[in-house]
Amino acid sequence: MVLLRRCFICFIFVACCLFFSLAAAPAFAVSSHLIPLPAVNFDTPSPKTANAELSQKEYEQKISSLEKICGDRYNVFAQTLSEEKKAALSISHARWREFLFSLQETLNRQLNTPVKVFYGIKERERVTNIYRDAAAAVYEQRINDLERWSRGDFSPLKIGDPDALKVALAYEENLFNERASRCVYLMEERYRLEEFTSQKAWRDFREAQLSFIKKMTDDRHALSEENLLMLRRINDIRALQAEGLVFFKQEREE
């Protein structure tokens, strides 16, 4: 009985500590995926993402291939444009590369290693390499955009309702700020300058990209769709980044 009473008291104490620690934390630091923390079961068998399965040499070959495809698609598309539009595309592409390299730099130091996170399969953990997945995704997205623009398609989401588009934009803008703050909160202080640089690089890229789109179409609805697509993409990357950071945050605290 004494032992049971002591166990019960310990349980209450731990529960109270957890409650107050969560109450004191910023709201953006808590999500349904981050509690319980995913690193707890890291050693148990889990499926892997495609990039996590690759050797370093295979991954480098994949990125090299994506870079070549991206360059080819850019050159083909640029040849169809007037000098003014080609100049705008060139600036957009340069800002995209700066964002890509900045993102790679911050993720390489923090998340270029296997982690177990909730990714791609609802409520199921998978082992992945967030640095690899993010870099590959950014290349693939750029390739898709260049191919789509070559077809004259500047309405990627096909949202017909202007009010629905406005609501979606406001939501994603708010989510961007929330997830950017979450990543900064979760990471070690020594990485934060690189993170701020990466976030600024994305904003510069968005500004240049939307400036290019304005020269390609007078449709303001299409411009908003491009903006929304960019926000959704970066928000997905930041959500994955945050889960990876939680993985290491738990390790530090243990």
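**A friendly walk through a predicted model**

Author: Welcome! Let's start in the loop between H5 and H6, where Lys 158 is found. Please keep in mind that this is a predicted model.

Reader: Is Lys 158 buried or exposed?

Author: Residues over 50% relative accessible area count as exposed. Lys 158 has 55% relative accessibility, so the residue counts as exposed.

Reader: What is the phi of Lys 158?

Author: Lys 158 is not a glycine, yet its phi is positive. The value is about 55°.

Reader: Thanks! Turning to the strands, in which sense do S1 and S2 pair?

Author: Strand S1 covers residues 115-118, and strand S2 covers residues 125-128. Val 117 has Arg 126 in S2 as its bridge partner. Over 4 bridges, the sense of the S1 and S2 pairing is antiparallel.

Reader: Which residues of S2 are buried on its two faces?

Author: Both faces of S2 are covered. On one side, the buried residues are Glu 125 and Val 127; on the other, they are Arg 126 and Thr 128.

Reader: Now the aromatics: how many aromatic pairs are in the whole structure?

Author: A search of the whole structure gives the count, and that count is 7.

Reader: How are the rings of Phe 77 and Phe 212 arranged?

Author: Ring planes over 60 degrees apart count as edge-to-face. The centres of the Phe 77 and Phe 212 rings are 6.2 Å apart and their planes are at 90°, so the arrangement is edge-to-face.

Reader: How many residues apart in sequence are the parts that this pair ties together?

Author: Phe 77 belongs to helix H3 (residues 56-78) and Phe 212 to helix H7 (residues 192-216). The pair therefore ties together parts whose separation in sequence is 135 residues.

Reader: Are Phe 77 and Phe 212 buried or exposed?

Author: Buried means under 20% relative accessible area. Phe 77 has a value of 2%, and Phe 212 has 0%. Phe 77 is therefore buried, and Phe 212 also counts as buried.

Reader: Which residue do ring pairs link with Phe 77 and Phe 212 into a cluster?

Author: Phe 212 touches several residues, including Leu 81, Leu 89 and Trp 149. The one that ring pairs link into a cluster with Phe 77 and Phe 212 is Trp 149.

Reader: Which element gives the largest share of the largest nonpolar core?

Author: That core has 57 residues, and Phe 77, Trp 149 and Phe 212 are among those with the most contacts inside it. Elements supplying at least two residues each include H3, S1 and H7. The largest share, 12 residues, comes from H8.

Conventions. Residues are numbered from 1 along each chain as its sequence is written. This is a predicted model: local features need pLDDT of at least 70, side-chain atom pairs count only at pLDDT 80 or more; totals for chains, interfaces and linings use all residues. Side-chain values use heavy atoms; hydrogens and water are left out. Buried means under 20% relative accessible area, exposed over 50%, partly exposed in between (1.4 Å probe, protein chains only). Two strands pair if DSSP finds at least two bridges between them. Rings of Phe, Tyr and Trp (its six-membered ring) pair if their centres lie within 6.5 Å; planes under 30 degrees apart count as stacked, over 60 as edge-to-face and the rest as tilted. A nonpolar core is a set of buried Ala, Val, Leu, Ile, Met, Phe, Trp, Tyr and Cys residues joined through side-chain atoms within 4.5 Å. Contact means heavy atoms within 4.5 Å. Lists of a residue's contacts leave out its neighbours within four places in sequence.
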